[in-house]
Number of protein chains: 2
Amino acid sequence: MKYYHPLLLTPGPTPVPEHILHATQLPMVGHRSSDFEAIAEQAFKSLKPIFGSKNEVMILTSSGTSVLEASMLNIANPDDDIVVIVSGAFGNRFKQIAETYYDNVHIFEVEWGQAVSVPDFIDFLKSLNTEITAVFSQYCETSTAVLHPVHELGKALNDFDSSIYFVVDGVSCIGAVDVDLERDYIDVLVSGSQKAIMLPPGLGFVAYNNRAKERFNAVETPRFYLDLNKYLKSLAEHSTPFTPNVSLFRGVNAYAELINAEGLDQVVARHYAIRDGLRQALKALDLELLVQDVYASPTVTAFTPKSKDELNYIKSELKNRFAITIAGGQGHLKGQILRIGHMGQISPFDILQVVSALEILLSEFRNESYVGKAITQYMEVVKAYV
Amino acid sequence: MKYYHPLLLTPGPTPVPEHILHATQLPMVGHRSSDFEAIAEQAFKSLKPIFGSKNEVMILTSSGTSVLEASMLNIANPDDDIVVIVSGAFGNRFKQIAETYYDNVHIFEVEWGQAVSVPDFIDFLKSLNTEITAVFSQYCETSTAVLHPVHELGKALNDFDSSIYFVVDGVSCIGAVDVDLERDYIDVLVSGSQKAIMLPPGLGFVAYNNRAKERFNAVETPRFYLDLNKYLKSLAEHSTPFTPNVSLFRGVNAYAELINAEGLDQVVARHYAIRDGLRQALKALDLELLVQDVYASPTVTAFTPKSKDELNYIKSELKNRFAITIAGGQGHLKGQILRIGHMGQISPFDILQVVSALEILLSEFRNESYVGKAITQYMEVVKAYV
């Protein structure tokens, strides 16, 4: 068997950098100790620039879905009207959570692979002709690799009715995009640890503005482990209401050290450069991109092979021959698309490995030569970043 | 500064063995991969003997409180009558969860430091004169170091009314006690990763019998992240409904390897030998034990120093001079007691370090000599195990 460095290119979990792994390995400390308080204080603070938040970011010991749920249970009362934008599998998850707890749920459907149209969405809100408490949307819809125009959406929503809370699921893009709660009119922004924040899975993050904080306290929907008021109270004391994943809290601080060393602007620029280069490479391989350039996520790229046989050939040969793991589609896109995750500590040169492997596989499968074509296109774009 | 090996003797989190740390460091894999399915299948199975369960054990990515909450939301409907035994801080937590979601909550108060009296409890149930759906109790009440007579309680409850579900919080003792769901008449038994199972915090475990499994499916209390039906459905497919903490799942399997190598019986015997030895040592130091011998937990020991000054001297000097971390009291026992945790990968000889440090500190503080007395008493007991 030939040797290649294994490359995990799913849209999360992502490879965990050595620096973070080492931090998570330090000897355990009690979570009710001054040792842990120092760790927690730093972790809550260090996530502020990543989330574009003026307030310290809450950290829950649980995975992404739990903070989607928390963002809803702490913003909406049981009889409130809420709106969920559904453009893929994770929009569906917001919808399922909503329908578990609420009677007045309004769904705005967006074709999978498309971004939300802001004017159409505002027309939809008008047509509801009822008082809306909150709108829930993905930032990046992981299942389709769309990055929704969150700033435009937030601004239009604020213009339409500034009393509506705007709640955003940033699980698969926070850490790789330029976000600012105030500038983007976001009230609550949640994410998880295992995507661009490049920790193992196991933490959920909740950023919030001041009016959201007040709202959490006013909302009466029953919740306990996911009661954000408990986390806010503890946060002020550099602590957590329930036993925290001590190892991953240390991981957060190690992550922040990496980001500070590279510079958050550079981190974001690197993700966009890789996105742009990879899209050119896939075009050079005659692979159809699912998402328009303008709405393409900097963290994951979806493409449609020419046939199911070609799709299966690519996915299995990448894994079996080249030790490269990419993801398939979800929901009705299963068997239709492939997704390459490119977030976290990915060097522009890492992506050469998957692009050149794709050149070889498609040359074989289609019986024509792509060798050199896609990597050239890739580097033509990426050289401006390098 | 003099050097001593740091010793973390709080009642959780516990030191993480090297073998487990190494497992949690392996390169990340996607959680929707056959790699992870193999890890998950093994983890669900490997916990069966630890929980005395015939069914595979569910694993949630979240901490202990979340599985206390899950055990309630999946067993009781909103209008059901439920009974909570409160004998300390974690009984209070069950009570708070219950009062968040349920109107018909009956509290059976037990003096902190005492074990539940089974006949008194059955009399209490009779006095309620209503149909009870479930009883919730701690196994070990961590805050007082009491191990409740769970087998006797389960049997009496079953004799009283076999339709009542018996739900047990085993967070601070599972992995160090001999438990068997069927023999002990337990329907649901929950625990966390950071106590005798000696992983970092971040996983919750739920063991259940077949009738509990059916009940989960019948209960209509709204829940999403904590919906155990979702975990059961995924478990059958060697998967999880939401992103799992992949690293800690690997840690579960590494933990099981350690337990299999030592033998679960030996692990339990070691915890009891340490408990018995430590209790004799504390008596030799003229320190009052909070809990009667017969109800003393094998995982944590609580004692009452002669004064607050003595308490503070012990706790701070152990930490500052000898690098030994122990815990104080919780709730109204704060400032009254100290607690030494002794669970997980603790060798009988590790405890000599804290016992001899206590000899030195109390000799200084009381101006009389204890040197050699407590460690001799300790080894007189422990030699039978060694």
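Helices (H or I, at least four residues) and strands (E, at least two) are taken here from DSSP runs and numbered from the N terminus. With that in hand, welcome to a few close-up views of this predicted model.

**View 1. The annotated domain of chain A.** UniProt, in an unreviewed entry, places the feature "domain: Aminotransferase class V" at residues 28–330 of chain A. This span is 44% helix and 18% strand. Its end C-alpha atoms lie 38 Å apart.

View 2. Let us look at one annotated residue: the unreviewed UniProt entry gives A:Lys195 the feature "modified residue: N6-(pyridoxal phosphate)lysine". A:Lys195 sits in the loop that joins strand 9 (188–192) to strand 10 (203–208) of chain A. Is A:Lys195 buried or exposed? A:Lys195 counts as buried because its relative accessibility is 7%, and the cut-off for buried is under 20%. Leaving aside neighbours within four places in sequence, the residues in contact with A:Lys195 include A:Pro11, A:Gly12 and A:Thr14. A:Thr142, A:Val171, A:Ser172 and A:Met343 are also among its contacts.

**View 3. Where chain A meets chain B.** Each chain brings residues to this contact: 43 from chain B and 43 from chain A. Together the two chains bury about 3,200 Å², with 63% of that area on carbon and sulfur atoms. On the chain B side, B:Gln25, B:Met28 and B:Phe224 supply 21% of the area buried against chain A, more than any other three residues.

View 4. How many salt bridges run between chain B and chain A? The count is two. A:Asp35 forms a salt bridge with B:Lys319, and their closest N and O atoms are 3.4 Å apart. Helix 1 (18–24), helix 4 (64–73), helix 5 (89–101) and helix 10 (246–262) of chain B each supply at least two residues of the side that touches chain A. Helix 5 gives the most to that side, with five residues. By class, the side of chain B that touches chain A has 19 nonpolar, 19 polar and five charged residues.

**View 5. B:Glu262 in helix 10.** B:Glu262 belongs to helix 10 of chain B. This residue counts as partly exposed because its relative accessibility is 30%, between the cut-offs of 20% and 50%. Not counting residues up to four places away in sequence, B:Glu262 touches B:Val267, B:Arg270 and B:Tyr385. B:Tyr165 lies 97 residues from B:Glu262 in sequence and 34 Å from it in space, C-alpha to C-alpha.

Conventions: Residues are numbered from 1 along each chain as its sequence is written. Chains are lettered from A and ligands numbered from 1 in the order in which they are written. This is a predicted model: local features need pLDDT of at least 70, side-chain atom pairs count only at pLDDT 80 or more; totals for chains, interfaces and linings use all residues. Side-chain values use heavy atoms; hydrogens and water are left out. Contact means heavy atoms within 4.5 Å. Buried area is the accessible area (1.4 Å probe) that two parts lose on being put together, summed over both. A salt bridge is a side-chain nitrogen of Lys or Arg within 4 Å of a carboxyl oxygen of Asp or Glu. Ala, Val, Leu, Ile, Met, Phe, Trp, Tyr, Cys and Pro count as nonpolar, Asp, Glu, Lys and Arg as charged, and the others, Gly among them, as polar. UniProt positions are given in the numbering used here, feature names are shortened, and annotations may be inferred rather than shown by experiment. Buried means under 20% relative accessible area, exposed over 50%, partly exposed in between (1.4 Å probe, protein chains only).
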